[in-house]
Amino acid sequence: MDHNAPSIKLSRKLTKLASKPWITKGLLNSIKTKNKLYKKAMNSSIASEFQKYKKFNNILTHLKKKAKLNFYKNQLFENSNTPRETWKTINKVIGKNSADNSIPIIQKTVPGASSLPHNQSVAQVLNQFFTSVGPSLARAIPPTVTDTYLPPSPQICSSMFITPTCSEEIQKLINLLDDKKSTDPYDIPVRLVKLSKNIICTYLAAIFNNCVQNGIFPDKLKLAKIIPIFKSGAKDIASNYRPISILSHFSKIFEKLMHKNLVSFLDTNNIITKHQFGFRSGLSTFLALNQLHNYILRLNDSGQYTCGIFLDLKKAFDTVNHKILLDKLNHYGIRGLALDFFTSYLKNRQQFVFANGVQSDKMQITCGVPQGSTLGPVLFLLYINDLPLSSNFFCNIFADDTALLISDTDPKNLEKKRILK
């Protein structure tokens, strides 16, 4: 041990430097050399000794900066497909930390909130806000001119069939669960689910198959735990917090099974519009922008002017009308027990907010698709799938972000053209 790993006494400064991941053994040795040169220069009256130290220090400073830059470049490259880790790296670089996550008293009040303890009142007010913002915006949407909500596209004749699962498939899905995720609404950690997978897989497969046969999604799996994350602005305003939804681990497993069946049916029948690039395998924001760019260039080459309207729908996922969505699912071939399953999936959903270490009361969710879910994004795609067919504009969509383009050889004519058919 003394020969291969001798103990080395380091100063506090050197110990701190050694803890930095970009400081290599070579840089550490150079820092020691620099310190020796500094002492020698300070104890000597010869000017050349100080110049020698200064030159060495300048080179070392440049090397340390370069090593730090290369380290974070590699970190960003390695985590390019993981937004969470990318933001961790960025926050380290800019020195941002989240030391204080406490939430002060929220200005917006609910009945009885003032009589509750402060922490309980904060959680209650935030939950009331999160559950009401979607329905409030939905009520403000102007009614349609027709009584029907069915898409203008032809009805899909074939119907969706749900393939039964087995314990082996359940076990694979459990293995894919993220170990870093926090406990679910029932305070069950992922690690416990993984440790017991050999025992519970058979039962989970039987429960899922039974649910499908009866067109039911269990109410216990519809509960969401909401963690409020501060965005910007004043900390005492509810709208300045973003809700992060955490669902049951077993809900995620069941949703992934149904997601596989649903996406397979949609792909087989080419149901999702080619103008949609969000939440689809093999498609990305780059491809969406590329389509938009090429379309504008082609119009420009043919001597046409292009006008664009870019939409960012407010609380798009939270304002989805369940009746309209279910009517569209039926139109697209999701009928019978499959439709019963999705009807059950959307109904009787509840959530509570966990803030400042306390939990609010549970509240009902009356509209929208579940945030943080696997099925929610696909259901939303079906909800707005007929948008390109309902407009005279060229549509380019990524989830709810929509670009509408229209062209003409005379720019004055662009103002006269109608958006909707």
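Trainee: What should I know before I start?

Mentor: This is a predicted model, in which local features need pLDDT of at least 70 and side-chain atom pairs count only at pLDDT 80 or more, while totals for chains, interfaces and linings use all residues. Residues are numbered from 1 along each chain as its sequence is written, and side-chain values use heavy atoms, with hydrogens and water left out.

Trainee: How many helices and strands are there in the protein chain?

Mentor: The protein chain has 14 helices and 8 strands, where helices (H or I, at least four residues) and strands (E, at least two) are DSSP runs numbered from the N terminus.

Trainee: And what share of the residues is buried?

Mentor: Of the 421 residues in the protein chain, 39% are buried; buried means under 20% relative accessible area, exposed means over 50%, and partly exposed is in between, with a 1.4 Å probe and protein chains only. As for contacts (heavy atoms within 4.5 Å), among those between residues at least 6 apart in sequence, 71% join residues at least 24 apart.

Trainee: Let's look at helix packing. How do α6 and α9 cross?

Mentor: Helix α6, residues 167-175, and helix α9, residues 249-268, have axes that come within 10 Å and cross at roughly 115°. Axes here are lines fitted to C-alpha atoms, for helices over the stretch in contact, and angles run from 0 to 180 degrees between N-to-C directions. The two helices are therefore roughly perpendicular to each other, given that angles under 35 degrees count as roughly parallel, over 145 as roughly antiparallel, 65 to 115 as roughly perpendicular and the rest as oblique. The crossing of α6 and α9 is right-handed; a crossing is right-handed if the near helix is turned clockwise from the far one by less than a right angle, and left-handed if anticlockwise.

Trainee: Which residues make that contact?

Mentor: On α6 they are Glu169, Ile170, Leu173 and Ile174, and on α9 they are Ile253, Lys256, Leu257 and Lys260. By class, this contact of α6 with α9 has 5 nonpolar, no polar and 3 charged residues, where Ala, Val, Leu, Ile, Met, Phe, Trp, Tyr, Cys and Pro count as nonpolar, Asp, Glu, Lys and Arg as charged, and the others, Gly among them, as polar.

Trainee: How does α8 pack against α9?

Mentor: Helix α8, residues 197-214, packs with α9 at an angle of about 55°, and their axes are 11 Å apart. The helices α8 and α9 are therefore oblique to each other, and their crossing is right-handed. From α8, Ile200, Leu204, Ile207, Phe208 and Val212 meet Phe250, Ile253, Phe254, Leu257 and Met258 of α9, and this contact has 10 nonpolar, no polar and no charged residues.

Trainee: New topic: how much of α13 is buried?

Mentor: Helix α13, residues 376-383, is mostly covered, with 8 of its 8 residues buried, among them Pro377, Phe380 and Tyr383. Its cover includes α9, α11 (322-331) and α12 (336-346).

Trainee: How many aromatic pairs does the structure hold?

Mentor: It holds 14 aromatic pairs; rings of Phe, Tyr and Trp (its six-membered ring) pair if their centres lie within 6.5 Å, and planes under 30 degrees apart count as stacked, over 60 as edge-to-face and the rest as tilted. The ring centres of Phe279 and Phe317 are 6.1 Å apart and the planes are at 65°, so this pair is edge-to-face. Phe279 is in the loop between α9 and α10 (285-301), while Phe317 is in the loop between β3 (305-312) and α11, 38 residues apart.

Trainee: Last one: what does His322 touch?

Mentor: His322 lies in helix α11 and is buried, with a relative accessible area of 15%. Not counting residues up to four places away in sequence, His322 touches Leu346, Thr366, Cys367 and Gly368.
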